[in-house]
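Visitor: I would like a close look at a single part, please. Keep it brisk, and give the cut-offs as you go.

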Amino acid sequence: MRVHEQLYIDGSWVAPLGKGSIDVVNASSEEVMGRVPRGNEQDVDRAARAASAAFEPWAATPIAERARYLEQLKDGLAARSDEIARTIAGEVGTPINIARSIQAGLPVTVTGSYPALLREFHFEERVGNSIIVREPLGVVGAITPWNYPLHQAMGKIAPALAAGCTVILKPSAVAPLNAFILAEIVHQIGLPPGVFNLVSGAGAVVGEALARHPLVDMISFTGSTVAGRRVSEVAASTIKRVALELGGKSPSVVLDDADLQKAVSHSVSNCFLNSGQTCSAWTRLLVSRKQHAQAIEIARTAAAKFTIGDPLAGQARLGPLVSAEQREQVLGYIRRGLEEGAQLVTGGPDAPEGLPRGYYVKPTIFAGVRSDMSIAQEEIFGPVLCIMPYEDEDDAVRIANDTVYGLAGAVWSGDPARAQRVARRLRTGQVDINGGKFNALAPFGGYKQSGHGRELGKHGLEEFLEVKSLQT
Ligand code: NAD
């Protein structure tokens, strides 16, 4: 049991002004595994004042010094990575091997990318008689989700600190324990007081208080489209900058000359990663109608390899969903798919056998899915793949772009030039071509209702900078 009774504000662990606490439930045992404070508006106000007071000196620190702090932060995260992985495997349900490599590993990679980026970034340029300077934006409110909780947090905090901004983190109430480990590391490395602050609590209370607060200059939000819309509305009263990383319904477009076996099995793995609780998951697999039957068989075989079980046991490729609520939402979509007439290839709404506890859902594949079905349009956020037949290349592009989202995607073809041509036609922030690997320096973010703004790499740093022109 990890019990935290204090918030981290102005370089100290302090008693919260908000009353009560939030229980953190283990996704596989359904038992309470930790507790964090239920912060309130006054806690946000304290943190905002601290972050605001810390801003000017932090913004003025030499770049080499900020880079050194980021190195130390990276080393601190690496040193506690096993504990981080086990904590997130518990609160989110991610199988331990994936928790080690992604949940604990990616924050180290991302944080570790900024010292070098910082050293080579051009903070000034000359345009005619003007000097253009890029300055830190101010106080950043970082609001993060539960699915890759520490990665989402470091995707904001590392570039914000690198830019010279100060930060208030409001982690998801569902998986907040990892954020407390982060705050302990921040404290240990001696980051100046107020530069990083942690206020846990409910989204509608702490999140909205951050979005509303006049001393908070920017909200960097990752989460659902519904909450992102609300954050934008609340933030509008103070005209603060808002960056939104929201949901997705990303397509994997398998062109008719692709290696079908590789493309389909890779797409199934991508969709089921973290039990499908991945914003950029390829949840729609587009295949030529001529290859639909063959793709179904490949997908069925690939799905059978996704053994379900205890995330900490080490064998399971698929853990539970994060919560009972999330499981209900996903099962609702599976039932809806059946009602809508999609062909159930594998899985379904029945509970997996031999797992009386934990929020498990069978890996589920629907085929013959049409774009007008809700399972093809709405983000399910569970291990549910929709196979959608298309007639020709133009039809594939039309279907791929036919959702309100535009976060990620994939294109597969035996002809790399053709694949790239189709990739450029997708209205989405990232496209992996023929299994192109994740790049922690490439910008990540959405088109359309998947949000705006970019995280990671140089583009992620630019999010936290203001531009000033000095005429000489
Ligand atoms: P969520 O929107 O419920 O919560 C996200 C965060 O926002 C949490 O910290 C929550 O407490 C807070 N919040 C909720 N309501 C709020 C409000 N009214 N004002 C301010 N803050 C509020 O999302 P979730 O369930 O934690 O995460 C899943 C969602 O996140 C999915 O839709 C997923 O696609 C999305 N996501 C997107 C990305 C991306 O980079 N695009 C990454 C991960 C997750």
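Where is the place of valine 32?

Guide: Valine 32 is in strand β5, residues 32-37 (helices, H or I, of at least four residues and strands, E, of at least two are DSSP runs numbered from the N terminus). This is a predicted model, in which local features need pLDDT of at least 70, side-chain atom pairs count only at pLDDT 80 or more, and totals for chains, interfaces and linings use all residues. Residues are numbered from 1 along each chain as its sequence is written, and side-chain values use heavy atoms, without hydrogens and water.

Valine 32 has 35% relative accessibility, so it counts as partly exposed (buried is under 20% relative accessible area, exposed over 50%, partly exposed in between, with a 1.4 Å probe and protein chains only). With Met1 and Val3, Val32 makes a nonpolar surface patch of about 270 Å² (patch residues have over 30% relative accessible area and no salt bridge; nonpolar side chains, Val, Leu, Ile, Met, Phe, Trp and Tyr, are joined within 5 Å, like charges within 9 Å). A salt bridge is a side-chain nitrogen of Lys or Arg within 4 Å of a carboxyl oxygen of Asp or Glu. Areas come from the Shrake-Rupley method with a 1.4 Å probe, only the protein chains shown counting as cover for residues.

Now the rings. The whole structure holds eight aromatic pairs (rings of Phe, Tyr and Trp, the last by its six-membered ring, with centres within 6.5 Å; planes under 30 degrees apart are stacked, over 60 edge-to-face, the rest tilted). Phenylalanine 272 and phenylalanine 306 pair edge-to-face, at 5.2 Å centre to centre and 85° between the planes. Phenylalanine 272 sits in helix α9 (260-272), phenylalanine 306 in the loop between α10 (292-304) and α11 (324-339), 34 residues apart. Both phenylalanine 272 and phenylalanine 306 are buried.

Tryptophan 282 and tryptophan 412 also form a pair: their ring centres are 6.2 Å apart and their planes at 80°, so it is edge-to-face. Tryptophan 282 lies in strand β14 (282-288) and tryptophan 412 in strand β18 (410-412), so the pair ties together parts 130 residues apart in sequence. Tryptophan 282 is buried at 3% relative accessible area. Tryptophan 412 is buried at 2%. Elsewhere, Tyr8, Trp13, Phe180 and Phe196 form one aromatic cluster.

Arginine 317 lies over the face of phenylalanine 306, 3.9 Å from the ring centre (NZ of Lys or CZ of Arg within 6 Å of the centre and within 35 degrees of the ring normal).
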